[in-house]
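Morning, everyone. One structure today, and I'll keep it short. Have a look first, then we'll go through it.

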Amino acid sequence: MTSSMLSCNAMNFLHAVMQAMNFLHAVMQAMNFLHAVMQAMNFLHAVMHAMNFLHAVMHAMNFLHAVMQAMNFLHAVMQAMNFLHAVMQAMNFLHAVMQAMNFLHAVMQAMNFLHAVMQAMNFLHAVMQAMNFLHAVMQAMNFLHAVP
């Protein structure tokens with residue numbers, strides 16, 4: 001074989017080596033691209049987890065809002081019960097006033113009865129005075145009858 005054939009074979013071999021290296025370089029670039037795609041998918045996966053967490057936080061806030069509404073309702077029920085208690089206290093006060101008025105009415109009835117008793121005693125006193133007067137008249141008539 002001549003030296004020109006040897007050099008031609010060497011150059012062909014080097015060209016094939018270069019083509020193989022170009023192919024490996026392209027494979028590495030494709031792998032780099034796939035790696036970047038995988039990193040993007042990992043980022044989207046993390047975003048999805050964050051959105052799931054925010055969704056759970058939203059549900060927890062909705063629950064706390066419902067608890068607050070229930071507490072507001074119970075507060076309104078308590079205020080209504082306080083109002084009814086105040087109404088009952090006012091009615092108790094009016095009942096006590098009515099009982100005091102009933103007592104005063106009974107006292108007045110007792111005083112009316114005592115007044116009627118006093119009027120009856122005055123009437124009997126007047127009857128007794130009339131009987132005393134008649135007794136005196138009879139004594140005078142007896143005295144005049146005894147005089148000769």
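How many helices and how many strands does the secondary structure of the protein come to? The count is 1 helix and 0 strands. Keep in mind that this is a predicted model.

The helix is α1, and it covers residues 3-146. The protein itself has 148 residues.

Now the overall dimensions. Along the principal axes, the C-alpha atoms fill a box of roughly 220 × 10 × 10 Å. The radius of gyration is 64 Å. A compact globule of 148 residues would come in near 15 Å.

Two residue pairs show the spacing. Take Q129 and L94: they sit 35 residues apart in sequence, and their C-alpha atoms are 52 Å apart in space. Next, A140 and M111. That pair is separated by 29 residues in sequence and by 43 Å, C-alpha to C-alpha.

On to burial. What share of the 148 residues counts as buried? The figure is 0%. The protein exposes about 14000 Å². Carbon and sulfur atoms supply 77% of that area.

Why does Q129 count as partly exposed? Its relative accessibility is 48%, so it falls in the partly exposed class, which runs between the 20% and 50% cut-offs. A140, also found in helix α1, is partly exposed as well, because its relative accessible area is 37%. L14 lies in helix α1 too. Is L14 buried or exposed? It is exposed, because its relative accessible area is 53%, and exposed means over 50%.

To recap: 1 helix, 0 strands, and 0% of the residues buried. That's it from me.

Methods. Residues numbered from 1 in each chain as written. Predicted model: local features only at pLDDT ≥ 70, side-chain atom pairs only at ≥ 80, totals over all residues. Heavy atoms only, no water. Helix = DSSP H or I, 4+ residues; strand = E, 2+ residues; numbered from the N terminus. Buried < 20%, exposed > 50% of the residue type's maximum accessible area, 1.4 Å probe, protein only. Rg over C-alpha atoms; globule rule 2.2 N^0.38 Å. Areas by Shrake-Rupley, 256 points an atom, 1.4 Å probe, with all protein chains shown as cover.
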